[in-house]
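Open the model and keep the sequence beside it.

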Amino acid sequence: MIQNPISWPNNARCACAITFDMDADSLIHISKPSDSDNRLYPISMGKYGPQIAVPRILDTYKRLGLKQSFFVPGWCIEQYPAAVEAMLEGGHEVGHHGYLHEDPTRHSHEEQIEWFDKAMAAHQKVGNTPKGYRAPVYNITQGVFDLLIERGFEYDSSLMGDDIPYLMNTANGSLVEVPVHWGTDDWPPFAHYEEIGYMMPVKAPSVGLGAFFEEFEAHYEAGGFWHCIWHPFLTGRLARWQQVERWLEKILESHDVWFATLGEISEYVRTYSQQPDSKVRVDQLPYYNAPPSIAARK
Ligand SMILES: [Zn+2]
């Protein structure tokens, strides 16, 4: 049961979005800045994203007539313009994902603004104006949220407060929040990356993907929103993507679903929320103005 269901366009039973964060090798450069240039294996693992996986993913989308969202750090746009141009040419959305995959909680607000605008310049260089944002490692802060509102963004996709999109209000304005969750993120089942402190036993494609497909079944039954947060260098690998492709063919043929970009979904939710009988949930920031003090805990 979903308390605040959204009626999706054309009476679709479930809204669906596969989002890919094309982080490429930004991850190793931000985590090992002193010698990342000479760490060839993680660089190559990241490069697999723009060079091998993205063309494969775009080919499937083209064949199935899907338009989806990608989130790309500014530095990756500069390094791999062909991959990003191919996304844009295919009619897909490219959202803001920091500059070098920097974690907003590790920088001052001034530094964060600098990174943010450097990324905006990279988007502009390929003719893209992002209207959505996903924080690297989901670590959005109150300061970044305000910055998004100030810069005219329409949605954020970093928080985990609901199953379906909702509105997030602040004193300065409001964004549509398109929620994420680790349950549909491919990092836990498929990433094995010692250099950034992440060592997980890699799951078989059917086991890792099976968890995401079970999430779909629940959302389909409840009239919800199935949202995957994947990475080209993980789920775009051959065996995994073959299974995704077959699954997509089956679902598109037999289920009443609305696959859309997060930009389209957030625009729809914003308009829908303005109808008098809609029940889109509204949350409010800040959550807190300070951490609970030790004294208050006693
Ligand atoms: Zn990322």
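What follows is a short tour of selected strands and helices.

The model is predicted: local features need pLDDT of at least 70, side-chain atom pairs count only at pLDDT 80 or more, and totals for chains, interfaces and linings use all residues. Residues are numbered from 1 along each chain as its sequence is written. Helices (H or I, at least four residues) and strands (E, at least two) are DSSP runs, numbered from the N terminus.

Start at strand β2, residues 69-72. Ser 69 and Phe 71 point one way, Phe 70 and Val 72 the other. All four are buried, where buried means 20 or more other C-beta atoms within 10 Å of the residue's own, exposed means 12 or fewer, partly exposed lies in between, and C-beta atoms are placed from the backbone. β2 has partners; two strands pair if DSSP finds at least two bridges between them. Strand β1 (residues 14-21) runs parallel to β2, joined by 3 bridges. Here Asp 21 stands opposite Phe 71. Strand β3 (residues 93-96) also pairs with β2 in the parallel sense, over 4 bridges. There Val 72 stands opposite His 96.

Next comes helix α5, residues 109-125. Its 17 residues should span 24 Å at 1.5 Å a residue, and the end C-alpha atoms are 25 Å apart, which agrees; the expected span is 1.5 Å times one less than the number of residues. Which residues of α5 are buried? They are Gln 112, Trp 115, Phe 116, Ala 119 and Ala 122. They cover an arc of only 115° around the axis, so they sit on the same side of α5; the arc is that of the directions from the helix axis to the C-beta atoms. An α-helix has 3.6 residues a turn, so residues three or four places apart point the same way. The buried residues of α5 pack against α3 (74-79), β3 and α6 (142-150); contact means C-beta atoms, placed from the backbone, within 7 Å. On the other side, Glu 110 and Ala 121 are exposed. Gly 127 follows α5, with a positive phi near 75°.

Finish at Thr 235, in helix α9 (residues 232-235). Thr 235 is buried because 24 other C-beta atoms lie within 10 Å. Asp 186 is 49 residues apart from Thr 235 in sequence, yet 6.9 Å apart in space, C-alpha to C-alpha. Not counting residues up to four places away in sequence, Thr 235 touches Asp 186, Phe 190, Trp 230, Arg 240, Trp 241 and Val 244.

Technical notes. Two residues are in contact if their C-beta atoms, placed from the backbone, lie within 7 Å.
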